[in-house]
Amino acid sequence: MIDAISFNNNTLRYLDQRYLPLREEYVSTRSHQEAIEAIKTLAVRGAPLIGVAAAYTIILGINSFKGSKEEFPPFFRELIADVEASRPTAVNLFFASARLKKVYDENFESDTIEALFSKMAAAATKIHDDEIANCDAMSRHGVEQIKIDLADILKTRKLNVLTHCNTGTLACCGTGSALGVIRLAWQEGLIERVITSESRPLLQGLRLTAWELQQDGIPYVSISDSSSAFLMQRGMIDFGIVGADRIASNGDTANKIGTCAHAISAYHHNLPFYIAAPVSTIDITIPDGSYIPIEERNADELRTIFGTQVALPNTPVLNYAFDVTPGKYLRGIITDKKAVVGDYSNELKLIVE
Ligand code: MRU
């Protein structure tokens, strides 16, 4: 049983994903600085999990506060700024900090500091519980949509599905977003094999998705990121489904670098390509994908492979962690509220609270 993240007795415990699948190492910390470092280094990662980790990190921060009530506001502002600076693209992080800021804004004047902290802790736990429940709802909506879109193939055989990066329990706490849909589809007998693309440079697909599928006994095969078009050409992929780090109000979607190439290939081959993401990943404040901040990570992630130097140390590198897939290449966006197909601009704003 994977326990990606938990919070008890003011202690954050997480599975350090950097060492998987070769080493299962759980880390416990009461330090919000250490928790911020875990988000930055991808020890904890995946948009919904980043949101949950950010919420608990803020709770660790406020629990370390020793001053008077008057001294709390500047401390809280700095804490929120530090947490929000950890990773820029996954909007779930900002969704979580906004939730806790709202609790602060609504209760700071009237509550004792102890009562305020306990309401904030309850809000963090709720974010965690909601993300677990979201996975089940997304899975149901996703499977229903697949049964509609791929009904003809399903009359004669099961489906081969492409996924990218890791969108399972490790990324979402529950069964997963895209991987949650795949898991339920497998349980319902719809899936022949899952194709996991490696997700260079940190190999979330090859290391993490493969590990989760293996634990569940779901047949899978791993490919290099550049193989998907060829497999589609050969009829070896029936549809694709991935997660998201931020979805703009017109459906443009940021996800792990490499996603856009898979989506364009799927579109070219007339194969449905879906995003599965909770409503907390939709950023209704931005009109399109050009407004999504894209994280650029350290060049050495590319010049080295897990510590081994593979390129000249001074090789100039562009290491974008995410790309943006235009909404037109997507067959649908599967959320916990419903599967949105087609008219993203009108429909997404209706499902965001
Ligand atoms: O850099 P990562 O590993 O945090 O990137 C994760 C992804 O791109 C996932 O596909 C995305 O967060 C969706 S997780 C349900």
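**View 1. The loop between β5 and α9.** In this predicted model, Proline 201 turns up in the loop that links β5 (191-197) with α9 (204-216). Its peptide bond with arginine 200 is cis, with omega about 0°. Leucine 203 sits in the loop between β5 and α9 too. Leucine 203 isn't a glycine, yet its phi is positive, at about 60°.

View 2. The bond to watch is the one from leucine 20 to proline 21: it's cis, and omega is near 0°.

**View 3. Side chains around the ligand.** There are 19 residues around the ligand, and the ones that come nearest are Arg45, Arg87, Gln204, Asn255 and Lys256. Zoom in on the ligand's oxygen atoms. Arginine 45 puts a polar side-chain atom 2.5 Å from one of them, and lysine 256 has a polar side-chain atom 2.7 Å from a ligand oxygen. For arginine 87, the distance from a side-chain N or O atom to an oxygen of the ligand is 2.8 Å. On its own the ligand would expose 410 Å², and the protein buries 100% of that.

View 4. The ligand takes up the largest cavity. Elements giving two or more residues to the shell around it are α2 (47-63), α7 (169-172) and β9 (253-256). By type, the shell residues split into 8 nonpolar, 7 polar and 4 charged. Both domain 1 (5-131) and domain 2 (135-352) give residues to this shell, so the ligand lies between them.

Note on methods:
Residues are numbered from 1 along each chain as its sequence is written. This is a predicted model: local features need pLDDT of at least 70, side-chain atom pairs count only at pLDDT 80 or more; totals for chains, interfaces and linings use all residues. Side-chain values use heavy atoms; hydrogens and water are left out. A residue is near a molecule or strand if one of its heavy atoms lies within 4 Å of it. A polar contact is a pair of N or O atoms within 3.5 Å; within protein, one must be able to donate a hydrogen and the other to accept it, and residues adjacent in sequence count only if both atoms are side-chain atoms. Accessible areas come from the Shrake-Rupley method with a 1.4 Å probe; for residues, only the protein chains shown count as cover. On a 1 Å grid over the protein atoms alone, a cavity is a set of points where a 1.4 Å probe fits but cannot get out, and a pocket is an open set with protein on both sides within 12 Å along at least five of seven lines; lining residues have an atom within 4 Å of a point. A molecule sits in a cavity or pocket if more than half of its atoms lie within 2 Å of its grid points. Helices (H or I, at least four residues) and strands (E, at least two) are DSSP runs, numbered from the N terminus. Ala, Val, Leu, Ile, Met, Phe, Trp, Tyr, Cys and Pro count as nonpolar, Asp, Glu, Lys and Arg as charged, and the others, Gly among them, as polar. Domain bounds come from an automatic or database domain assignment.
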